[in-house]
Amino acid sequence: MSVRFEKNAVGRMIPAEINGKPVIPFQGVGKYKPTGRKFAPKISTCAEFPLDGNKLVPTLKEALIKAGIKDGMTISTHHHFRNGDLIAVEIFKMAQEMGIKDLVWYPSASFPCQEPIIKQLKDGTIHHIEGSMNGALGRFTSLGKMKGVGVLRSHGGRYQAVQDGDIVIDIAVIASPTADPFGNANGVEGPSACGLLGFALADSQYADKVIVVTDNLIDFPCIPWQIHGNYVDYVVQMGQIGIPEKIVSGTTQITKSPDRLHIAEMTAQFCDEAGLIKDGFSFQAGAGGTALSIGVFFGEIMRKKGIKARFARGGSNKYLVDMLEEGLVEYILDGQTFDLDGVRSMKDNPRHVNTSPFTSYNYHGKGNFAGILDIVILGATEVDVNFNANVVTHSDGYLLHGIGGWQNCLFGKNVILPIPLFRDRIPVIRDEVTTICGPGELIDIIVTERGIAINPLRKDLIDKMKNSKLPIKTIHELKKEAERICGKPKATEFEEKIIAAIKWVDGTVIDVVKQVKI
Amino acid sequence: MSNKAVAGNKGDSIRSDCYVELELTKKDGIQIDLQSKVKTLFGDSIIDLCKRELKFFGIKNCKIKIEDFGALDYILAARIEAAIKQLIDTDKEYLLDLLPQNKYKTEKDRYRRSRLYLPGNTPKLALNAGIHKPDGIILDLEDSVAPAKKFEAAILVRNALRSVDFYGAERMVRINQIPKGLNDLEYIVSHNLNLILVPKCESSEQIKLVNEKIEEISKKKKVENPIYLMPIIESALGIIKAYEIATAAENVVALAIGLEDYTADLGTQRTKEGKETFFARCQIVNAAKAAGIQAIDSVFSDVSDMEALKQNVLESKSLGFDGMGCIHPRQIKIIHEYFAPDEKEIEKAKKIENAFHIATEKGLGVVSLGSKMIDPPVVKRAQRTIEQAIDTGKLKRSWRNDYVG
């Protein structure tokens, strides 16, 4: 069967259909504007639910059966439990026992703890994953072993896909650290506390059936009700839904690597010299060691200048919470909490606000706040000489990471990628990235330990940094230096088979990933 | 000789290195077994390098297994050479091109505030050392290299001198103690080396031996750039002989002190207050200054305590030291900042430099400040203070524009 391919706006060849569904190739940033009405969930009637509000079902399996689980359904989960999630694996084990086939798993992200799901991918219980395929799942997918084609979306794209009706969630299973029998739920209390449940918001609002699973059932009302019971069909109480020390780790630390600290320091200095760190500014702080230390360096600069940030976008952890409590940051708008300090702060501090992809990232919102951010710090596995960047595959072709909020954050005013020039001999700056996840026009600054490249589109920044002592170079100079050190890598070869599609924030396809050649 | 040899490092924490097992065989040609985390991208290039190198050493039949953890060419080549040279007797050296940007000389009296020690057999630490801008980078063949690894370290250090960009830092090697260290010189002298650290130095005789060997190699290999020496005094005897050592040769540019070994020699413990080493440190400073060279302090080993490092630097500077060793790149900035002149020193230097400037403009041969004549060395020191102040961001380069004397 021959599939028709079309070149998209960043020059990648995109097939006309994926998993039997038609595909719209990426048309450029902000170009694709669908019309009509958003997808709507089924009408429900409260008369069908117990008047006393008790929606408890004895077991998850029973709840899945009641929800009508059957072949070909789409089942969603969230990733607020990170590597401590016990529920996703459980769901698909049950489905396998029931002999159900061809499910689509729609997680907001996957983690190494979900590696056992490979069993259900192998035997056809799961047809494919739409979400992220990290680590072992990515390796499995890259080898062409998944039945269908994986679809990767950003956090915002996940919300958009639901609102477009591109994805219809049949059953949403929402692991909830605390819930009441009516289905109100939150992430701030209980042994599996994870802070918030924002990634499950779309699932609760749009899924046909919503199951809340908790290991901390309390009497109505569960306050705060981050998830409203009014959306919930069934509530299940279980012994344990997550492994606390893997959900939040007390060990998120700023990096000790002198090279990364150097990059972090250069990044902070760049922002300062470019005039980006000023009273009332805003920044997004990532969770990686380098991003964390950039936040700490920002703090030092702010203290010295006697200024405050209006808000910081989390992933929050101790470092950001300390800044909030010190008064350096007025608000944290948080997408996920990474440690117990984050959870505590979210629970107690009204200035530490839980957000969802709807408020922060949704393409079908009437605006979203990603674009309001002054400074956005992101990572990448590769960047090309046109500033296009890759976050999902490695240079050897393997799909190993998800997109997360990365694409959505590209809409910030100043997008900075602090990255090493090479990792274990592999140059990070390439002629062409293996997979395009974000178009270069949205990426402003690349900071490496050997030099900083400013996107030529940002003439204002180039101007501001004209007399800087920082090593400002062109992206071509950086690429040359990387290749001088590492040698020029051979082009990676792929099989013909497409194993995953990379969606842009608007639902169009920006690139595809092919099976690795071994 | 045996027909099997190994070189390099392997294990979970190993990066930018490789482990080579070589077995010479009688027939069947070259058989290469490559396991590499960068095989897709660099597999062909690694195999190619391996074949060229084996051919260079005249090896026609062998089994070679390379476990690669992202090693760069110069590292791979060094490991392969180290394995080969355990099995065949040869004077040949497999040299990669010397990076053009590494061909620089240094001045006898340049800054030597910070010198960063790198273990000679741990390649991953060397790649990025230069970006942290220490005044000097030391590839160490002495204490940081295990006895069994000395041979492969010398080859790796040689290759690093040729292939790693030092980004302008003074290119230094610490050799082993004399006489053993004399053998190290063969590997390093002809690769645009700037300075050799001579550890546990106890006599001018040792300096002479080093210089004789340098001269011999320089003649043979046509080395033209100057190679300076920094003896490290690490014993009670060395302290007594400090001045003799400092004046042993023209190319001795600095005298350093190593306090760990020195306190061991005294039979005492190193303390935070450092009373037990006060005499030795003063002796080094005095001997160095008497000889007209720089005095360099020991390393500060608690890499997590930056406040204590700062105090250490301030004390060191107050005793008259010009710099100190460091074992972590994060120490460099603190060392530079606190060895840098303080406000008073800068103000004084500005006055002198300004007087010099005016005298030069007027074509006067003599510089004077008020009623005092100023000697050229004083002007030079003032200029250096100004440079340091500019370098550490304490003074604008254009300071004279708004200078009111």
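This is a predicted model: local features need pLDDT of at least 70, side-chain atom pairs count only at pLDDT 80 or more; totals for chains, interfaces and linings use all residues.
1. Residues are numbered from 1 along each chain as its sequence is written, while chains are lettered from A and ligands numbered from 1 in the order in which they are written.

2. Chain B has 14 helices and 14 strands. These are DSSP runs (helices: H or I, at least four residues; strands: E, at least two), numbered from the N terminus.

3. Along the principal axes, the C-alpha atoms fill a box of roughly 85 × 50 × 45 Å.

4. Of the 405 residues of chain B, 46% are buried (20 or more other C-beta atoms within 10 Å of the residue's own, with C-beta atoms placed from the backbone).

5. Now strand 12 (residues 323-326) of chain B. B:Gly323 and B:Gly325 point one way, B:Met324 and B:Cys326 the other, and all are buried. In a regular strand the side chains alternate between the two faces of the sheet.

6. Strand 5 (residues 114-119) of chain B runs parallel to strand 12 of chain B, joined by three bridges. Pairing requires at least two DSSP bridges. Here B:Leu116 stands opposite B:Cys326.

7. Strand 11 (residues 294-297) of chain B is also parallel to strand 12 of chain B, with two bridges. B:Ile296 has B:Gly323 as its bridge partner. The chain crosses from strand 11 through helix 11 (residues 306-319) to strand 12, a right-handed β-α-β crossover (clockwise from the first strand over the helix to the second, with the strands pointing away from the viewer).

Definitions and conventions
A residue is buried if 20 or more other C-beta atoms lie within 10 Å of its own, exposed if 12 or fewer, and partly exposed in between; C-beta atoms are placed from the backbone.
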